[in-house]
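Thanks, everyone. Let me put the model on the screen, and then we'll walk through it piece by piece.

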Amino acid sequence: MSRQHATPETRSVRLLKVGEQVRHVISELLMRQIVHDDVLTAHTISVTEVRMSPDLRHATVFVKPLLGADEDIVLKALRTHTAFFQKEVAGKLKTKYAAKIRFLPDESFDEASRIDALLNDPRVVRDIGSPAED
C-alpha cells in the first residue's frame, strides 16, 4: 500500500486542528483555575489562538486578559507556569512529541481598534464620503 504524501493544504488543516485542541486544553485549565497562581485566578484570560509549528513541536499561544488589564503581569504568570501547561497538554493530546509552549500577547484587538479609529477619523470620512452619495 502506498503512503499518501501530505500536501500543504492537508498539513495546514492538521496544524489548525492540533492548535485548536491545544487552545481548548489551555482554556479549560485557566477556566477551571487548576493552576494555583493568584494572578491567574484573579484575571479572566482569553486564549485567542494557538499556532503550531509544522513539526508540532512548538506551540505559540496568543492570550489576552479581559479588557487588556495587567497584560504584562498575566504574561509573566503564564510563562512561570509554562512547564505545567506543557505537561497538561501532553497528557491530554496524544501526539508524538510534547509541544514546547510559548505565550505571547494577542495584538489583533489593538490593531483592529487602531484601524477602526483611522476609518472613523473625520478626514477619512470626508474623503470617502457618505454611502448615500454613491
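Start with confidence. In this protein, confidence is lowest in helix H5, residues 108-119, with a mean of 71. It is highest in strand S3, residues 100-105, at 94. The score is pLDDT, the predictor's confidence in each residue, from 0 to 100. Over the protein, the mean pLDDT is 82, and 84% of residues reach 70 or more. A word of caution: where pLDDT is low, the predicted coordinates should not be read in detail.

Ground rules next. This is a predicted model, so local features need pLDDT of at least 70, side-chain atom pairs count only at pLDDT 80 or more, and totals for chains, interfaces and linings use all residues. Residues are numbered from 1 along each chain as its sequence is written, and side-chain values use heavy atoms, with hydrogens and water left out.

Now the overall layout. The protein has 6 helices and 3 strands. Helices (H or I, at least four residues) and strands (E, at least two) are DSSP runs, numbered from the N terminus. Read from the N terminus, the order is α-α-β-β-α-α-β-α-α. Of the 134 residues, 31% are buried. Buried means under 20% relative accessible area, exposed means over 50%, and partly exposed is in between, with a 1.4 Å probe and protein chains only. Take contacts between residues at least 6 apart in sequence: 64% of them join residues at least 24 apart. Contact here means heavy atoms within 4.5 Å.

On to the sheet. The 3 strands form an open sheet, ordered S1-S2-S3, with mixed pairing. Strands count as paired if DSSP finds at least two bridges between them. Which strands stand at the edges? S1 (45-52) and S3 do; each has a single partner strand, so one side of each is left without a neighbour in the sheet. Neighbouring strands are turned by 25° against each other on average, direction ignored.

Helix H3, residues 71-80, packs on this sheet. H3 touches S1, S2 and S3, and its direction makes about 175° with that of S3. For those angles, axes are lines fitted to C-alpha atoms, for helices over the stretch in contact, and angles run from 0 to 180 degrees between N-to-C directions.

S1 and S2 (residues 58-65) run antiparallel, joined by 7 bridges. Valine 50 stands opposite valine 61 in S2. Arginine 51 stands opposite threonine 60 in S2. As background, side chains in a regular strand alternate between the two faces of the sheet.

The hairpin has 5 residues between its strands, and leucine 56 takes a positive phi there, near 65°. Leucine 56 is not a glycine. Is leucine 56 buried or exposed? Buried, at a relative accessible area of 8%.

Compare another loop. Glutamine 33 sits between helix H1 (8-31) and helix H2 (38-42). Glutamine 33 also has a positive phi, near 55°. Glutamine 33 is partly exposed, at 43% relative accessible area.

One more loop, between S2 and H3. Glycine 68 is found there, and at 30% relative accessibility it counts as partly exposed. Glycine 68 and isoleucine 45 are 23 residues apart in sequence, yet 9.1 Å apart in space, C-alpha to C-alpha.

Last topic: the rings. How many aromatic pairs does a search of the whole structure find? It finds 2. Rings of Phe, Tyr and Trp (its six-membered ring) pair if their centres lie within 6.5 Å; planes under 30 degrees apart count as stacked, over 60 as edge-to-face, and the rest as tilted.

Phenylalanine 84 is partly exposed, at 25%. Phenylalanine 85 is buried, at 0%. Phenylalanine 85 also pairs with phenylalanine 103, with centres 5.4 Å apart and planes at 70°, so that pair is edge-to-face. Phenylalanine 85 lies in helix H4 (residues 82-92) and phenylalanine 103 in S3, so the pair ties together parts 18 residues apart in sequence. Phenylalanine 103 is buried, at 2%. Phe84, Phe85 and Phe103 form one aromatic cluster.

Finally, a charge over a ring. Arginine 57 lies over the face of tyrosine 97, at 3.6 Å from the ring centre. The test: NZ of Lys or CZ of Arg within 6 Å of the ring centre and within 35 degrees of the ring normal.
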